[in-house]
Amino acid sequence: MSGVAALERGLKILDLLIEVEADVVRRPRGVAIGQVAAELGVHKSTASRLMATLVAKGYAVPKDGSARGFRLGPAVRTHLGLTMDQRRLRELAQPFLVQLVQDTGECAHAAVASGQWALVIDDVETAHPLRVVAGKGRRVPLHCTSAGKCLLAFGLVAIPTELPARTPRTITHPDILRVRMEEIAEQGYALDDEENDPGVRCISAPVFNALGEAIGCVGIDGPSIRMTDDRIAALAEQVKDAATRLSTRIDALEPVAEAA
């Protein structure tokens with residue numbers, strides 16, 4: 001195998017790991033060697049050698065210490081990289097996420113734009129036994145998650161050229177998505193209504209800097225059997241309130257330079 005071919009296959013494995021990382025349903029199982037072999041069109045022994053190299057370099061790790069499944073390793077999460085402003089947002093957002101968990105009973109997240117993805121920079125889990133298993137450092141799609149749609153609606157990233165269906169509820173037509181973006185901008189929050197994972201709903205609201213520019217979002221994730229239709233409006237107000245208070249906190253710490 002040439003060096004270029006090995007690199008291409010390694011990158012395909014990383015893409016697969018990232019895809020599964022963004023999928024709540026598939027994430028607990030991780031990526032199996034059989035999946036890798038099928039994706040690359042190679043024998044399982046070849047897939048095992050490629051995965052062993054990624055594990056050795058820290059780009060993948062065996063899930064739960066076994067070789068039955070693999071997930072993203074610390075090298076990938078480290079290399080995702082955050083700007084100074086994004087690191088500061090993560091630090092300032094943390095107490096507001098903790099409060100959101102206490103107020104709503106659901107997991108809470110903070111996210112920023114990262115290329116054609118939404119990057120979850122922090123995540124606080126609820127103690128509720130039935131919860132959405134998440135984790136900071138994961139990248140999630142823009143068009144079918146509350147964080148991604150929030151970033152799209154408030155101008156942090158452009159609508160992707162490809163809008164793959166993740167569930168039967170995923171919006172896959174750009175014109176429909178643009179209309180939804182206008183609605184999100186007007187109401188001040190985005191809802192993922194089982195569009196990325198069946199049985200999971202998420203709500204996100206934008207966070208602004210001292211100049212009034214959107215810089216990221218905060219929100220909650222929970223099972224749809226608990227985040228029912230009759231609770232969405234109240235939960236959305238709690239998320240918007242947390243985002244507003246975080247924006248106010250950022251505004252107070254960031255003096256705006258006076259015009260010359």
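The legends below describe several close-up views of a predicted model.

Local features are reported where pLDDT is at least 70, side-chain atom pairs count only at pLDDT 80 or more, and totals for chains, interfaces and linings use all residues. Residues are numbered from 1 along each chain as its sequence is written, and side-chain values use heavy atoms, with hydrogens and water left out.

**View 1. Overall fold of the predicted protein.** The secondary structure comes to eight helices and eight strands, where helices (H or I, at least four residues) and strands (E, at least two) are DSSP runs numbered from the N terminus. Of the 260 residues, 49% count as buried, a term that means under 20% relative accessible area, with exposed meaning over 50% and partly exposed lying in between (1.4 Å probe, protein chains only). Among contacts (heavy atoms within 4.5 Å) between residues at least 6 apart in sequence, 58% join residues at least 24 apart.

**View 2. The largest nonpolar core and Ile220.** A nonpolar core is a set of buried Ala, Val, Leu, Ile, Met, Phe, Trp, Tyr and Cys residues joined through side-chain atoms within 4.5 Å. The largest such core has 29 residues, of which Leu89, Ile121, Ile203, Val207, Val218, Ile220 and Leu246 touch the most other members. Two or more residues each are given to this core by α5 (84-104), β3 (107-114), β4 (117-124), β7 (200-208), β8 (214-223) and α8 (229-253), and α8 gives the most, with eight residues. Leaving aside neighbours within four places in sequence, Ile220 is in contact with residues including Leu100, Cys107, Ile203, Met227, Leu235 and Val239. A second, separate core of 19 residues includes Val36, Val42, Ala47 and Phe70.

**View 3. Cysteines without a disulfide partner.** A search of the whole structure finds zero disulfides, a disulfide being a pair of cysteine sulfur atoms within 2.5 Å. Cys107 is in no disulfide, and the nearest cysteine sulfur, that of Cys202, is 9.5 Å away; with 0% relative accessibility, Cys107 counts as buried.

View 4. On a 1 Å grid over the protein atoms alone, a pocket is an open set of points where a 1.4 Å probe fits, with protein on both sides within 12 Å along at least five of seven lines, and lining residues have an atom within 4 Å of a point. The largest pocket has a volume of about 230 Å³, the volume being the space filled by probe spheres set on the points, which are joined across faces, edges and corners. Its lining consists of Glu19, Gln116, Trp117, Pro141, Leu142, His143, Pro160, Glu162, Pro164 and Arg166.

**View 5. Glu213 in the loop between β7 and β8.** Glu213 lies in the loop between these two strands and is partly exposed, because its relative accessible area is 42%. Not counting residues up to four places away in sequence, Glu213 touches Val207 and Phe208. Glu213 and Phe154 are 59 residues apart in sequence, with their C-alpha atoms 8.7 Å apart in space.

**View 6. Leu253 in helix α8.** Leu253 is found in α8 and counts as partly exposed, at 35% relative accessibility. Leu253 touches Arg88 and Leu92, not counting residues up to four places away in sequence.
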